[in-house]
Each structure stands twice: as structure tokens, then as C-alpha cells.
Amino acid sequence: MLTPQDELLCHQLPTTFDHVVQSDLRWTERIVLYGFDTTGRVSVMTGMARYPNRNVMDAYAMVTVDGKAHVTRLSREIGVDYDDLGAWRVGPYRYEIVEPLRGVRATLGDNDHGLRLELDFRGRFPAYEQEPAFFRTRGRVREDARRYYQNGAVSGWLEVDGERIDIDPATWWFGRDHSWGTRHGGGGGSLAEGDGLQPSEIPDGVLYFMGIFQFDDELVHFAQRETADGQRWHFEGSIQRPIEAAAPTVPILGVTHDLEFRDDFRIVSGGTFTASVADGTTRNFTVTPISDFWPGLAGYDMYRGYASGIWKGPSYSDGFTVDLGDTDELRQVGMLTETFCRVDCDGRTGYGLVEMVFMGRNARYGYEGY
């Protein structure tokens, strides 16, 4: 089936753009935008995903104000509903490319759930690629995905139950990412593939963390996956300079950590990441949490009868508010967590995000099981 994207001179398969190279039901293409007011009152996470082998496209917006998460989730059949050449929509939600690798816009228009937004993102640092992630388990591809990230400035507004919140780019930290491929975990990667399959392997413990820390003159990114005994089995890390600096990326060779965690969840409550950089320097990043949010509420986990990628009919939406002080509610979606932080390094103060999945046994921090 032809789509407007087939006008572009970028085909890489002898088929049209409505198809991908494989039929794996977990194949996902996803965009995410996330950021927070560094005063700590407001944060936002929003995005869109396309599941071509499920004929599903969905979107969400989650705005946290004063400790309460306001969520709207939307889904539609892809079908023959063509999108624009550089923009995609799900109901009143629209995501568009303003300038490739520089600027994007997300809007959520009038709906029945009391949440609207308009976000204009402009990259201040270059878009940069994730290290390829390819893993197998028990004869099946567990993960084969690519991603790029970018940090920059955001302007626009949020509206929650009639309260309009104007965004001041000078006080907001903001980033985005775009991923595609066969996923594992939240956001569609754990959707059922059918009956009669051998269950996936379950490790006795896993620690995954990612840091994206922005300072005036550089952006620091690293991500690491460890076994229960601290063996590193996947790593990436780099330091970017602002776009106008036209400076080369500096690799980070490794990261160690000395962290503290909340009593109710394994969510970072403070501590330090130490990075060994290819230029011969060592950087100590001390993180002080400002606010937390849970992607599972917005569709990364099955919650209130919905998860990203599942079929909910030709058109679907819901909306609700969650008190982030209700730990019983959050335990339903507690695997993937995000913490916005102040970051101190060598007398400089920046802001950033710590993403984490921390489950099972861990020798380093004394946890004995799930």
C-alpha cells in the first residue's frame, strides 16, 4: 500500500513504507519527548509509537503537577488512514518534524480528558546514536533496536484541568529520543507473541541505568546493563558539545556508581556516577533527585486495561490522574523508572535524567531477590 512517505528517495527494501523487514509482533517505532521545570513543580513525558505488524498506532501525554500525574492515552488502527509526509497523528495528538534532526513539535488538542499541550523542541546539542543493541534468548531475538537522542530547548504550554502552564525555556531541561526495531521490556516489547512458546530466561538480578546530564557547554550520556554480580554486559557513553561548537564526540570508556535508593522503591535517591573519559579525565557526577515519573502509567506497562501496542479497536482513548504518593498504585508499573535530577560535577551544576530498571538480587547493594 502506498503512503506519502513513499515519495521520499530513501527506500531500502523492495516494498512500500507501510512494511518493515520482519513480521515480529514486537517491532516498534517510537518517539519520546521528556522534560521538567527545574524548580520541580512540573514535568512532562509524551510520545507516539507505531506497530506495523499489529496495525496499531498510539500516543500518550503525561503531565505531572504537584505530585499528581495526569495521563491521556490514545490508540488507533493504522489501516488506510494516511499520515502527512512529515507528521503523524492519533486522534487529537499530532507529532511533526519541523526541521530534520533539529526541531520537532508535539500537540495534544481538545479531548475529553482535561489535558492539552503544545511543545516546540529545538536541538541545542547534536542528535547522537545509541550503540546497537542485539541479543538473543532461547532461539529468538530478544532485542534488535536502534535509537538516537537529542537535548535542547522547549517552548510552548501545558493545560491541566483548565490551568494553563506556560513553559519558560530558560528554566526547563528537555530531551527526546527516537527508536525502532524489535524491542524488549516496556513500551510494547513485552507484548504476548502467542501461545506455545518457551518462556524467556529470567535472570536472578538486573541493574540497568542511563544518565543524560546537561551542562552549559556539554551533554553527558551513558547507559549500562549489569548482572546481579556487577558484570557489565552492555555499555555506551559519550560527551557532546553544542551544535555550534562543531566539536567531535568524546567517548566515555566506563562508568562506576555509588548510589542510594528510596525505601519504598529501588529508585535512586542520591549518590555518584564516576565516568572514565577517553581524554584521560575522570568525572564525578553527584545526583540530587528533584522529581520522579513512571512511564508505565502512560502505556509502557499493562495498566488499567491498556498497554502500548495492544489492539483497542479502530479508535480509543482514556484519561486519569494518579497520586504519585500512592505506592500501592505505583507498584503496578514500578519496573522502569525515571528521575529528574540536579547534577553537580567539578563545581558546575547541571540537570538531567536517570533512567533505571533495578530488579532481583544485587551483590553490590545487598538486595537478595525480587
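A word on the source. This is a predicted model, where local features need pLDDT of at least 70 and side-chain atom pairs count only at pLDDT 80 or more, while totals for chains, interfaces and linings use all residues. Residues are numbered from 1 along each chain as its sequence is written, and side-chain values use heavy atoms, with hydrogens and water left out.

Now the names. Strands (E, at least two residues) and helices (H or I, at least four) are DSSP runs, numbered from the N terminus. Two strands pair if DSSP finds at least two bridges between them.

Back to E15. Strand E14, residues 205-214, pairs with E15 in the antiparallel sense, over 9 bridges. The hairpin joining E14 to E15 has 4 residues. On to strand E16, residues 232-240: E15 and E16 run antiparallel, joined by 8 bridges. There, Glu-226 stands opposite Arg-232 of E16. The hairpin of E15 and E16 also has 4 residues between the strands, and Gly-230 in this hairpin takes a positive phi near 85 degrees.

Is E15 enclosed or open? Of its 9 residues, 219-227, 8 are buried, so the strand is largely enclosed by the rest of the structure. Buried means under 20% relative accessible area, exposed means over 50%, and partly exposed is in between (1.4 Å probe, protein chains only).

Next, the cores. A nonpolar core is a set of buried Ala, Val, Leu, Ile, Met, Phe, Trp, Tyr and Cys residues joined through side-chain atoms within 4.5 Å. The largest has 34 residues, and Met-62, Ile-212, Trp-294 and Leu-297 have the most contacts inside it. Elements giving two or more residues to this core include E14, E15 and strand E22 (348-360). Another core lies apart from it, with 29 residues, among them Leu-33 and Phe-174.

Look at Ile-212. Contact means heavy atoms within 4.5 Å. Leaving aside neighbours within four places in sequence, the contacts of Ile-212 include Tyr-34, Trp-173, Leu-219 and Leu-353.

Now charges. A salt bridge is a side-chain nitrogen of Lys or Arg within 4 Å of a carboxyl oxygen of Asp or Glu. How many salt bridges does a search of the whole structure find? It finds 28.

One of them joins Glu-218 and Arg-348, at 3.0 Å, N to O. This pair links distant parts of the chain, 130 residues apart: Glu-218 is in the loop between E14 and E15, and Arg-348 is in E22. Glu-218 is buried at 7%. Arg-348 is partly exposed at 26%.

Arg-105 has two partners to show. Its side chain meets Glu-96 at 3.6 Å, N to O, and Asp-120 at 2.4 Å, N to O. Asp-120 sits in strand E8 (115-123) and Arg-105 in strand E7 (103-108), so this pair ties together parts that are 15 residues apart in sequence. Asp-84, Arg-94, Glu-96, Arg-105 and Asp-120 are linked in a salt-bridge network.

Last, the cysteines. A disulfide is a pair of cysteine sulfur atoms within 2.5 Å. A search of the whole structure finds 0. Cys-341 is buried at 0% relative accessibility, and Cys-345 is buried at 1%.
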